[in-house]
Amino acid sequence: MVRKLVAAVSIALLSAFLAAGSAFAAPGGIGPPAPQTPSGEAISRLYWILIGLCGTVFVLVETALIVFIVRFRRRRDTPETAEGPQIHGNTRLEIIWTAIPALILAALAIFTFTQIPAVQAKGADDGEHLAIRVQAHQFYWEYRYPGGETTVNTLYLPVDEPVELQLTGMDVIHSWWVPALTGKMDAIPGRVNTLRFVPDTTGNFDGKCAELCGIQHAYMPTTVNVLERADYASTLAGAQQPLALGKATWEGACATCHGLDGKGDIGPSIAGNATLSNRATLETLLENGQNTPQFQYYMPPVGRGWPPEQLDALMAYIKSSKTLSTAPQPTSTGAGG
C-alpha cells in the first residue's frame, strides 16, 4: 500500500513539475526570456540548472512528507492517549542526509563561480570594449558614447562588438536591467559599476530600472537597439540632430512627470512657462532641481551633468513645439451678462 502511494505521489508531483516547464518559459512565466548574448546564455543556463535541481529536491521532500504523514498517522483503533513508537536515531542515515545537501551546495557554488567570467564577458581585453557611460536619473537613462554623443533611454550598439557599460547614479540608486542581454547592475551615486556583454543578435531589446527609485519608477524603461555595424554610426549620428536629441530629452527627462504635452501629470503644467525659454533659469533648475517648502512640487535634478548641447537641443525642441512654447489660454468662469 505504502509503496503504491509513494509511486503515485512521486509520479504526480514529477508530472506537474515537468508540465509546468513550458509555462515557466512562456512570456509572463517565471522563466527568463530567450538569451540574445553569451552572457544571457550563461545566466539562463545557471537559472534552469537551479530550477531543475530545486524542483527535484522539492519533489523528493514533499513525497517523503506525504508518505510519513500516511505511514505514521494515528489509526482509528488507537487511543488518543497512546504514545507513538519510540524511534532512535540512525547515525549513518543522518550523516548521509547531511553530506548529500552539503555536496550539492558545494557543486552549485563551484558551477556558479565558473559561470561568472561568461556572464561578465571577460574573454576580451579591456581595450577591446566599447565603453559607454550610463547615467541613471529620476526617471530616465542617459547614455554617453566615446565620441561625445548622447542618447536618452535608447542605447545604440553595434552587433558582435564587446560592450562595457559604466553605470553611475545621478540622484538615488537605480539598477539597469535588460533581461534578454545580460544580468542587472546597480547604478549608485558616487560609484561606477561596470557591466560587460557582447550582443550577437540585431534587434530591439526592452529593459527597465530594477531598483525602486521613486514615484515614477515603473515608468523608467530603456531600449537597447543592436544594429549592423554599417548602420550603427549613421543611426547614432541621426540621434544627435538637435530636434531628435531635444525630443528624446523632453520625453525622457520632462514628460515622465509633466506629460508629453507639458500640461501636467504627477508634476504641474509647464506648457508655455517662461522658464522654458530662459536658458540661464532653466539650466539652474535642471541642474539643482527644486525641493524647497514654498513650492508644492518636488523636482529631482534631472539635468545634472548634461553637456551644453543637450540643453540647447531641448530648448530647440520646446521652441519648435507650439504646445510647449505657447501658454495655455485662461478659461472664463464668470457668468455672461
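This is a predicted model: local features need pLDDT of at least 70, side-chain atom pairs count only at pLDDT 80 or more; totals for chains, interfaces and linings use all residues.

Tutor: E164 is buried, with a relative accessible area of 11%. R196 lies in strand β8 (residues 193–197) and E164 in strand β5, so the pair ties together parts that are 32 residues apart in sequence. R196 counts as buried too, at 12% relative accessibility, where the cut-off for buried is under 20%.

Next, let us turn to R144 and E142. These two form a salt bridge whose closest N and O atoms are 2.7 Å apart. E142 has 0% relative accessibility and counts as buried, while R144 is buried with a relative accessible area of 17%.

Now for a pair between helices. D312 and R279 meet through their side chains in a salt bridge, at 2.8 Å from N to O. D312 sits in helix α7 (residues 308–320) and R279 in helix α6 (residues 279–288), so this pair ties together parts that are 33 residues apart in sequence. Salt bridges with shared partners also join R279, E283 and D312 into one network. In general, side chains of opposite charge can pair when their charged atoms come close. The count for the protein comes to five salt bridges.

E41, D160, D200, E228 and D231 form a negative surface patch. One of them, D160, lies in the loop between β4 (154–158) and β5 (163–169), and D160 is partly exposed, with a relative accessible area of 45%. Strand β5 is also where E164 of the R196 pair lies.

To place all this in the whole chain, the protein has eight helices and ten strands. Buried residues make up 36% of its 337 residues. Of the contacts between residues at least 6 apart in sequence, 65% join residues at least 24 apart.

Definitions and conventions:
Residues are numbered from 1 along each chain as its sequence is written. Side-chain values use heavy atoms; hydrogens and water are left out. Helices (H or I, at least four residues) and strands (E, at least two) are DSSP runs, numbered from the N terminus. Buried means under 20% relative accessible area, exposed over 50%, partly exposed in between (1.4 Å probe, protein chains only). Contact means heavy atoms within 4.5 Å. Patches are made of residues with over 30% relative accessible area and no salt bridge: like charges are joined within 9 Å, nonpolar side chains (Val, Leu, Ile, Met, Phe, Trp, Tyr) within 5 Å. Accessible areas come from the Shrake-Rupley method with a 1.4 Å probe; for residues, only the protein chains shown count as cover. A salt bridge is a side-chain nitrogen of Lys or Arg within 4 Å of a carboxyl oxygen of Asp or Glu. Lys and Arg count as positive and Asp and Glu as negative; His and the chain ends are not counted. The place of a charge is taken as NZ of Lys, CZ of Arg, CG of Asp or CD of Glu.
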